[in-house]
Amino acid sequence: MTPERAAEILDGIRSARIGIVGDFCLDAYWQIDGGTAEVSIETGKPTRAVRAQRYNPGGAGNVAANCRAIGAGTVRAFGVVGPDIFGRELAAALSRCGIDTAGLIVQEREWDTPVYAKPYIGVEEQERIDFGRWNALAPGTEAALIRSVREALPALDAVIVNQQLERGFASPGVIRALNDLAGRVSGCPFILDSRTMSGAFSGMICKLNAAEACRIAGPPGADAAGAAPGVIGAWARAISRRTRKPVFVTRGAEGILVFDGDRDESLPAIRLEGPIDTVGAGDTTVAAIASSLAAHASLRDAGEMGNLAAAVTVKKLRETGTASAEEILRLL
């Protein structure tokens with residue numbers, strides 16, 4: 001991709017309108033003081049003191065933040081949060097990024113805002129603390145979420161469906177409704193990035209990594225590690241036969257394979273030196289692909305933009321980073 005073509009796509013992204021339906025989470029980073037611990041008067045046990053804390057949108061929230069970072073003019077969030085301090089912080093963090101949170105539904109009972117709390121001592125992450133593993137989507141919440149997406153759809157240029165959690169937004173009813181919308185609405189591509197439920201969705205462009213493609217379409221006992229492009233292309237073709245849509249397969253340092261419904265093409269990754277951190281790279285990639293498609297870029301150009309954006313964000317250590325239009329052009 002030339003700098004001129006990248007600039008043209010990024011310019012088109014500025015007017016793109018993107019909706020993200022998914023599991024909106026909060027990433028919490030707690031820097032633990034490693035000095036002498038005080039002893040609790042009540043329990044007699046040593047305490048752990050947090051010296052610094054920061055909170056970033058995670059899961060579908062990080063996808064939305066990446067859409068805004070790359071320059072999408074309108075980004076709308078559709079998901080569920082709890083009536084807790086983490087839900088309020090997540091909504092505030094998204095709003096600070098310029099994301100429309102009117103589609104975030106607060107479920108008052110049986111729902112904790114999903115949080116990945118990551119304590120650090122120095123630069124080493126300790127045992128993570130998770131919130132929201134036992135959430136249960138209420139029928140009223142499900143209906144409100146579906147209604148919110150359906151009403152917003154005429155004003156969107158692309159929809160990203162981002163499933164992260166086993167017990168999250170993706171109830172059978174929500175999946176059926178999204179499949180129906182994806183099959184009926186023309187001119188607004190649905191791009192799916194699903195951690196564990198890809199097989200339940202249909203009519204959507206799939207973005208998945210090689211291991212997920214192998215799990216879905218590979219033979220029993222197959223291993224994605226070291227799989228040749230031709231093998232991965234066969235998996236993408238099988239997935240496309242079921243979804244009737246193109247497929248993007250991310251391959252880490254090997255780049256992205258794009259299957260357009262007829263043929264596949266391998267787009268090499270950007271070669272990088274020095275340490276990298278791949279946390280959140282998939283979120284950056286799907287955001288760049290969807291934003292490019294919303295700006296009417298070709299599948300190949302969207303894949304190349306995904307490679308470029310990922311190359312920016314993996315150089316940001318110990319954070320789920322984003323890639324801005326300026327950073328992408330500078331790298332290119």
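The legends below describe close-up views of one predicted model. In this predicted model, local features need pLDDT of at least 70 and side-chain atom pairs count only at pLDDT 80 or more, while totals for chains, interfaces and linings use all residues. Residues are numbered from 1 along each chain as its sequence is written, and side-chain values use heavy atoms, with hydrogens and water left out.

**View 1. Helices α4 and α5 pass each other at roughly 15°.**
Helix α4 covers residues 139-152 and helix α5 covers residues 172-184. Helices (H or I, at least four residues) and strands (E, at least two) are DSSP runs, numbered from the N terminus. The axes of α4 and α5 come within 10 Å; axes are lines fitted to C-alpha atoms, for helices over the stretch in contact, and angles run from 0 to 180 degrees between N-to-C directions. The two helices are therefore roughly parallel to each other. Angles under 35 degrees count as roughly parallel, over 145 as roughly antiparallel, 65 to 115 as roughly perpendicular and the rest as oblique. The crossing of α4 and α5 is right-handed. A crossing is left-handed if the near helix is turned anticlockwise from the far one by less than a right angle, and right-handed if clockwise. On the α4 side, Glu-142, Leu-145, Ile-146, Val-149 and Arg-150 are in contact (heavy atoms within 4.5 Å). Their partners in α5 are Gly-173, Val-174, Ala-177, Leu-178 and Leu-181. Sorted by class, this contact has seven nonpolar, one polar and two charged residues. Ala, Val, Leu, Ile, Met, Phe, Trp, Tyr, Cys and Pro count as nonpolar, Asp, Glu, Lys and Arg as charged, and the others, Gly among them, as polar.

**View 2. Helices α6 and α7 cross at roughly 60°.**
Helix α6 is made of residues 210-217, and helix α7 of residues 229-243. Their axes come within 9 Å, and the pair is therefore oblique. The crossing of α6 with α7 is left-handed. Ala-210, Ala-213, Cys-214, Ile-216 and Ala-217 in α6 meet Ile-232, Trp-235, Ala-238 and Ile-239 in α7. By class, the contact has nine nonpolar, no polar and no charged residues.

**View 3. Gly-230 is an exposed residue of helix α7.**
The relative accessible area of Gly-230 is 54%. Buried means under 20% relative accessible area, exposed over 50%, and partly exposed in between (1.4 Å probe, protein chains only). Gly-230 and Ser-266 are 36 residues apart along the chain, and their C-alpha atoms are separated by 9.5 Å.

**View 4. Helices α8 and α9 cross at roughly 145°.**
Helix α8 spans residues 281-294, and helix α9 spans residues 299-313. Their axes come within 8 Å, and the crossing is right-handed. From α8, the contact takes in Ala-281, Thr-284, Thr-285, Ala-288, Ile-289, Ser-292 and Leu-293. From α9, the contact takes in Leu-299, Ala-302, Met-305, Gly-306, Ala-309, Ala-310 and Thr-313. By class, the contact of α8 with α9 has nine nonpolar, five polar and no charged residues. Helix α9 is mostly covered, with 13 of its 15 residues buried. At 1.5 Å a residue, the 15 residues of α9 should span 21 Å, and its end C-alpha atoms are 21 Å apart, which agrees. The expected span of a helix is 1.5 Å times one less than its number of residues.

**View 5. Glu-110 and His-296 are loop residues with positive phi.**
Glu-110 lies in the loop between β5 (100-106) and β6 (115-121). Its phi is near 60°, a positive value in a residue other than glycine. Glu-110 is exposed, at 61% relative accessible area. His-296 lies in the loop between α8 and α9. The phi of His-296 is about 70°, although the residue is not a glycine. His-296 is exposed, with a relative accessible area of 69%.

**View 6. Ile-13 is a buried residue of helix α1.**
Helix α1 comprises residues 3-13. Ile-13 has 0% relative accessibility and so counts as buried. Not counting residues up to four places away in sequence, Ile-13 touches Ile-70, Gly-71, Ala-72, Gly-73, Ser-291, Ser-292 and Ala-295. The C-alpha atoms of Ile-13 and Asn-307 are separated by 16 Å, and the two residues are 294 residues apart along the chain.

**View 7. Helix α2 is mostly covered.**
Eight of the 10 residues of α2 (residues 60-69) are buried. Among them are Ala-60, Asn-62, Val-63 and Cys-67. Just after α2, Gly-71 takes a positive phi of about 115°.
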